[in-house]
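Try each task before you read its solution.

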Amino acid sequence: MAFLEVKNYRKKFGDNEVLKGVSFSLEKGEVLAVIGSSGGGKTTLLRCLNFLETPDEGTLVLGGETLFDASEKAERAESAIRQKRLHFGLVFQQFNLFPQYTVFKNITLAGMLLAKAEYRQKKRDFAAVLAAAPKEERKKLKAQQKEILAEIRANQKRHIEEKAESLLARVGLSEKRGAYPFELSGGQQQRVAIARALALNPDILCFDEPTSALDPELTGEVLKVIRGLKSSESTMIVVTHEMAFARSVADKVIFIADGEIAEEGTPEEVFASPKNEKTRAFLQRSLAAGGEE
Amino acid sequence: MFWEVFVALSEGFLVSCELFVLTLLFALPLGLVVAFGSMSKFKPLRAVVRTFVWIIRGTPLMLQVIVIFYGPGLFFGWRALERLIAVLIAFVINYACYFSEIYRGGIESISKGQYEAGQVLGMTKAQIFFRVILLQVVKRIVPPMSNEIITLVKDTSLARIISVVEVLFVAETYLLKGIIWPLFFTAVFYLAFVGVLTVLFHFIEKKLNYFRV
């Protein structure tokens, strides 16, 4: 069984059926490029994977665990969904950095909040242990626990900050750690957003047209960062209009038209010898429009 | 003579200030609650809250003060509230409704992307609101809020309608004795207070200038 298995994803907004049964699979470390014209359902597919939308039908299995099954309505609790979301990272077209935080804090914030929740849980567990312990041992135990808790807290913080530092270096923005988003160019903001998404170690990192909101001269730096991630065996799903990029980076390409996968295969298969009429027309159009890197 | 009047007016103005501070203290958080009500996905609640806001914003504050003070006695035969309490209740409700609309505008102006960014990073709804959204909202609403809060300073004079002894009431007691100038002099109190507030709001705006939304 593949690392990620998406089966028969369907999504309707009112009468508009945006996804009409999309199925695909992906192996660990692979890069999947999703191409297709605007309004074809690419972004909706990505949003469904990240639980920002709930598919009407379909299942999603990741690493053998069923994360989503439309027939099981019970699993829709907010906290359960939050846990599942962490398997996926998402880089938005519009970056969506938090404007009031520095670059560094943007990257560490979510991790710190999760660590805090974990720490609180540990503290509760310890309190329960303490309450169950015999009276004469409590004082000693309490001191021990306090030490352990302090260590956990310090470790969490160090771990998150070290990770953020290394991610900043990886996207080439170490010197911008104290800057606020508005002080950065679009390309830099998007690189921070990539670092932020990677900070939580998602199993699969998704990109929703990561360069579409950028000036043409800034797309290169972002694509370079994404390309750099490939070598470090991240599993990625990239929705993109950059055909040359898709062709050179992806292990697998799917072409979505009208809510269905019209064509899928290796980049060579899809770009060099497309079988579907729609794919051919689309590729011709994007080449004519100069949609090249 | 001047000194004596000044002290009397100051005592009156202290009551105005008390009303001002207490109104803000309760109306600022209550406004947020009302704002969430008016944005609720539960339609009946939204309708009720929006109707309520319409009634409060659609009738004079002076009338609301009178209704809260005399209403319970007239309609139910209850004992009247203490004057200052009655005014305070009317003010809190009134200002909470105005604030709620400012909050709503601020909250709705934040892009959906900010919420979604928080969601995909595994944050809870509360974390997203308090850690991500709130400060951006605050930054956006400082100018309209400062307007509303400055209006509140002068609205405290409405308390006079049910004989709360605030600064204008004190000045009027002199007027009845044939001394006119204290009435005009009350303006100095209001101006000074609003001056301080203006500086304060300017300071807050500057403080929040370190980021852009």
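**Exercise 1.** Locate A:Gln100 and decide whether A:Gln100 is buried or exposed.

Step 1. A:Gln100 lies in the loop between β6 (88-91) and α3 (103-132) of chain A. Helices (H or I, at least four residues) and strands (E, at least two) are DSSP runs, numbered from the N terminus.

Step 2. The relative accessible area of A:Gln100 is 3%. Buried means under 20%, exposed over 50%, partly exposed in between (1.4 Å probe, protein chains only). So A:Gln100 is buried.

Step 3. Leaving out residues up to four places away in sequence, A:Gln100 touches A:Tyr180, and among its partners in chain B are B:Arg131, B:Leu135 and B:Phe211. Contact means heavy atoms within 4.5 Å.

The model is predicted: local features need pLDDT of at least 70, side-chain atom pairs 80 or more, while totals for chains, interfaces and linings use all residues. Residues are numbered from 1 along each chain as its sequence is written, chains are lettered from A in the order written, and side-chain values use heavy atoms, without hydrogens and water.

**Exercise 2.** How much area do chain B and chain A bury between them?

Step 1. Buried area is the accessible area (1.4 Å probe) that two parts lose on being put together, summed over both.

Step 2. The two chains bury about 2,300 Å², 61% of it on carbon and sulfur atoms.

Step 3. B:Val120, B:Leu121 and B:Arg131 supply 32% of the area that chain B buries against chain A.

**Exercise 3.** Which residues form the salt bridge between chain B and chain A?

Step 1. Look for a side-chain nitrogen of Lys or Arg within 4 Å of a carboxyl oxygen of Asp or Glu.

Step 2. The count is one salt bridge. B:Glu116 pairs with A:Arg47, and their closest N and O atoms are 2.6 Å apart.
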